[in-house]
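I opened this notebook to record what I looked up, entry by entry.

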Amino acid sequence: ALSHWSGYSPRQLHRLFSQFLALDPPLLDLPQEISSETYLILDGRWFGKRICLMLYRQSKSKLILHASFMKREYGSLIGKNLKELHEKGYRFTCIVSDGSTGIRNAVIRVYGHIPHQICMAHIHRQATNGLGKYPKEEKVRKLKKLADHLWRIESKEAREWWKNQVNQWIREHGLFVGETRWDTTGHWWYIHGGVRKCVRALKTAYEDCFVFLDHPLMPKTTNEMEATIGNLSMKHLVHRGMKRENLEPFIRWFIYFYNRNILSQRKTTKA
């Protein structure tokens, strides 16, 4: 259809498309939203197992401040991106992320110990993925209810009650969590691996998921980024047959046009 509409052959279109991707997108001046507290949201989008796109965005703003490609969420590369944002004049009072080790180390290295909210959606997913939708055992069902209760905590008193309930569950069912099985070769493993992962995730949530209680305007999750990532994923699916070397420039151009469209909409609204 594109060939018929443009008058170019598919081979000519492919050559023009490759030439276009070989160019770097123009630089855009992306303003920072001015407010008493500014929250940086960062999250990654994996394209299979080959490449991760790390996106940086300020809360309540649709503009993508920075994008970086990496094979893993390396703290050194994320720290470099944060320094670039800092050198461009962006200032943030709090960070919201999925809490991976690389991101944690990078934030501390660049921003020091500023408030860092770990995405509650990520922690909840880690906690419940290994339990199943409808656990058969009563104690596991109770643990899942405690994990689901994360979303209802809106005060420090509620957090302390929830923390005590989780600790009580761990004390009562510690032997169950630690049950192991051995095979004839001497290898062993934990029988209830999903339950252990859930307990580990809930312990992580004690301090890292409730930073928003001291900063009421701070988002609990990185879900603001999901619409952007979803839009990007749809564009990638449409062109999923493209060569690997064209993936990064394609995404860079997509982000350029995405940001330019948002800036033009703002100008139109002001006019």
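**Entry 1: charged pairs**

I looked up Asp148 and found that, at 29% relative accessibility, Asp148 counts as partly exposed. The terms I use are buried for under 20% relative accessible area, exposed for over 50%, and partly exposed in between, with a 1.4 Å probe and protein chains only. I noted that the model is predicted: local features need pLDDT of at least 70, side-chain atom pairs count only at pLDDT 80 or more, and totals for chains, interfaces and linings use all residues. Residues are numbered from 1 along each chain as its sequence is written, and side-chain values use heavy atoms, with hydrogens and water left out.

I then found that Asp148 forms a salt bridge with Lys144, at 3.3 Å from N to O; the term means a side-chain nitrogen of Lys or Arg within 4 Å of a carboxyl oxygen of Asp or Glu. Lys144 is buried, at 16% relative accessible area. Both residues lie in helix H6 (residues 138-148), four residues apart, about one turn of the helix. Helices here are DSSP runs of H or I with at least four residues, and strands are runs of E with at least two, numbered from the N terminus.

I recorded a second salt bridge, between Arg57 and Glu224, whose closest N and O atoms are 3.4 Å apart. Arg57 lies in strand S2 (residues 51-58) and Glu224 in the loop between helices H9 (193-208) and H10 (226-238), so the pair ties together parts 167 residues apart in sequence. Arg57 is buried, at 6%, whereas Glu224 is partly exposed, at 22%.
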